[in-house]
Amino acid sequence: MKEKAKWTRHKKHRGAVTSWRFAILIAIFFAMCGFASAQSIPNRSTTEPSPSTPSDQPKSASPPSLMTPLKPQTQEAPYHPITARQSLRWFITNTVGPPHLLGGIFASAFGTALDRPNEYGPHWGGFADRYGMRMTGVVTGNAIEASVGLMLREDPRYFRVQDRPFKARVGNVVRLTVVARRDDGSYGPAYARYMAIGGNNFLSNAWRVHSEANTHDALLRTAEGFAGRVAVNAFEEFWPDVKKRVFHKHN
């Protein structure tokens, strides 16, 4: 019986690893298709410079690496729509950037400590499965938001309001969780983000273990996805101020 149980768990482990690896490949494939489709749509955002053109993409120098994070944006600065290349940079750096990879380590370690879901087990193999499964959600969600956002002309970037009162800045953090900037600089519902967070959490039921592949858990993951976006926005809003004060005192 013990050997049978061990073999069953080993079989589930191998199945889980195969599932999330396959899911990541599918997400990357759809992301590339989305970017290709979006770039074929004629739009002025592909020709206009970004708001940080002088420092982000100098005319006399080659474009920044795709691994280079986008410059922080502010609402007060003149707005220029995000380009297809900038959107691809946003996708890559928000998927495999150090802060996001580190966040996955903590989340996966916490799940391993609680042994949730228990199909993975409380060991290093289970940690790897949880980390890989989280990556499928990150890759899929970011791919949907970046590619669909290009087609719908929605900007996934966060725009700071550093000169406003604290209460207004907190309100901006929450507001930009559910709205996105359009080509004309106005704000509207972030449909691409709704599709990304909701869609990827329901889509992932296809490759998740049985205990969490259901509507209830997908809804919980969706709520956690929006809560996570609030946290990311808050970090982008306030971290530059914290960093400035810390380094200023240090110097």
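Where helix 4 meets helix 5, the residues His 100, Leu 101, Gly 103, Gly 104, Ile 105, Ala 107, Ser 108, Ala 109, Gly 111 and Thr 112 of helix 4 are in contact with Gly 126, Phe 127, Arg 130, Tyr 131, Arg 134 and Met 135 of helix 5. By kind, the residues of this contact divide into seven nonpolar, seven polar and two charged. The model in which this contact is seen is a predicted one.

Two packed helices are described by the angle between their axes and the distance between the axes. For helix 4, which covers residues 98-114, and helix 5, the axes come within 9 Å and cross at roughly 130°. Since angles over 145 degrees would count as roughly antiparallel, the two helices are therefore oblique to each other, and helix 4 passes helix 5 in a right-handed crossing.

Helix 5 itself has 29 residues, and from its first C-alpha to its last it reaches 41 Å, close to the 42 Å expected at 1.5 Å a residue. Of these 29 residues, 22 are buried, so helix 5 is largely enclosed by the rest of the structure. Just after helix 5, Arg 153 takes a positive phi of about 65°.

Helix 5, which covers residues 124-152, also packs against helix 7, at an angle of about 150° and with the axes 8 Å apart. Helix 5 and helix 7 are therefore roughly antiparallel to each other, and helix 5 passes helix 7 in a right-handed crossing. On the side of helix 5, the residues that take part are Gly 137, Thr 140, Gly 141, Ile 144, Glu 145, Val 148, Gly 149 and Leu 152, and they meet Tyr 191, Ala 192, Arg 193, Met 195, Ala 196, Asn 200 and Leu 203 in helix 7. The residues of this contact divide into eight nonpolar, five polar and two charged.

Helix 7 runs over residues 191-203, and its 13 residues should span 18 Å at 1.5 Å a residue, which agrees with the 17 Å between its end C-alpha atoms. The buried residues of helix 7 are Ala 192, Arg 193, Ala 196, Ile 197, Gly 198, Asn 200 and Asn 201.

Notes. Residues numbered from 1 in each chain as written. Predicted model: local features only at pLDDT ≥ 70, side-chain atom pairs only at ≥ 80, totals over all residues. Heavy atoms only, no water. Helix = DSSP H or I, 4+ residues; strand = E, 2+ residues; numbered from the N terminus. Expected span 1.5 Å × (residues − 1). Buried < 20%, exposed > 50% of the residue type's maximum accessible area, 1.4 Å probe, protein only. Axes fitted to C-alpha atoms, helices over the stretch in contact; angles between N-to-C directions. Parallel < 35°, antiparallel > 145°, perpendicular 65-115°, else oblique. Left-handed = near helix turned anticlockwise from the far one by under 90°. Contact = heavy atoms within 4.5 Å. Nonpolar A, V, L, I, M, F, W, Y, C, P; charged D, E, K, R; others polar.
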